[in-house]
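This briefing is meant to be read beside the sequence and the model, with its points grouped by topic. Please have both in view before going on.

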Amino acid sequence: NQVLKSAKPLVTGESDTEMYRQLLVLASHSDHLWSDAHAMFEACRYATSVFLAIVCLEETAKMWIAWWQALLQAGSRNDPLESTDSFTESRKRGLYSHAKKHLLAAGAGAIVNAHLDDVVGMERIVQFLDEVEDGKVEQLRQSCLYADHDGVKPVVPDERVSRRDAIFY
């Protein structure tokens with residue numbers, strides 16, 4: 001609820017139809033990211049695939065928030081006493097915080113998805129949620145794009161991210 005009220009709205013419009021059209025644009029964006037992640041996986045570019053999959057999680061979380069914001073905006077159009085001033089507060093509190101988007105995506109997807117339990121197992125889901133909470137997903141996201149040095153030699157993302165990691169994400 002705090003994120004819903006504090007984040008800058010991603011959809012706006014004078015009508016429910018206009019907000020719905022904007023939500024479809026966000027959904028299409030997430031879908032394209034997922035397709036790109038899959039294409040990179042098929043090309044054995046596992047680090048890039050994981051990066052895009054994590055970004056897709058983030059954008060899906062933003063879409064989920066936008067959907068709820070659209071409902072709130074539609075409700076406030078019908079209630080002149082409802083204020084939307086809280087949407088102008090700090091962007092860092094919600095939609096623009098990678099860690100919060102990871103947590104929202106994890107909560108919206110992993111926790112309530114019985115099929116996911118069957119596919120990857122409850123132990124791995126709990127591990128993922130712990131990684132989200134500890135900020136390790138954001139670290140992984142960064143390591144999927146940027147080369148580093150381990151004190152001996154350069155380490156590139158494809159050396160850090162395995163096929164197994166990519167399959168999970």
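Predicted model: local features only at pLDDT ≥ 70, side-chain atom pairs only at ≥ 80, totals over all residues.

- S49 is part of helix α3, which covers residues 46-77.
- Because its relative accessible area is 5%, and buried means under 20%, S49 counts as buried.

**The nonpolar cores**

- The largest nonpolar core comprises 20 residues, and those that touch the most other members are V50, I54, V137, L140, C144, V161 and Y169.
- At least two residues of this core come from each of α2 (16-42), α3, α6 (122-133) and α7 (136-143), and the helix that gives the most is α3, with 9 residues.
- Another core, of 7 residues, lies apart from the largest one, and V11, A66, A70 and A74 are among its members.
- As general background, nonpolar side chains in soluble globular proteins tend to be buried together.
- C144, one of the residues that touch the most other members of the largest core, is in contact with A47, T48, V50, F51, P157 and V161 when residues up to four places away in sequence are not counted.

**C44, between two helices**

- C44 is found in the loop that lies between α2 and α3, and C44 has a positive phi of about 60 degrees although this residue is not a glycine.
- For most residues other than glycine, phi is negative.

**The protein as a whole**

- The secondary structure consists of 9 helices and 2 strands, and from the N terminus on the elements follow the order α-α-α-α-α-α-α-β-β-α-α.
- Of the 169 residues of the protein, 36% count as buried, while the protein exposes about 10300 Å², of which carbon and sulfur atoms supply 56%.
- Among the contacts in the protein with a separation of 6 or more, 67% are accounted for by residues 24 or more positions apart.

How values were computed
Residues numbered from 1 in each chain as written. Heavy atoms only, no water. Helix = DSSP H or I, 4+ residues; strand = E, 2+ residues; numbered from the N terminus. Buried < 20%, exposed > 50% of the residue type's maximum accessible area, 1.4 Å probe, protein only. Core = buried A, V, L, I, M, F, W, Y, C linked by side-chain atoms within 4.5 Å. Contact = heavy atoms within 4.5 Å. Areas by Shrake-Rupley, 256 points an atom, 1.4 Å probe, with all protein chains shown as cover.
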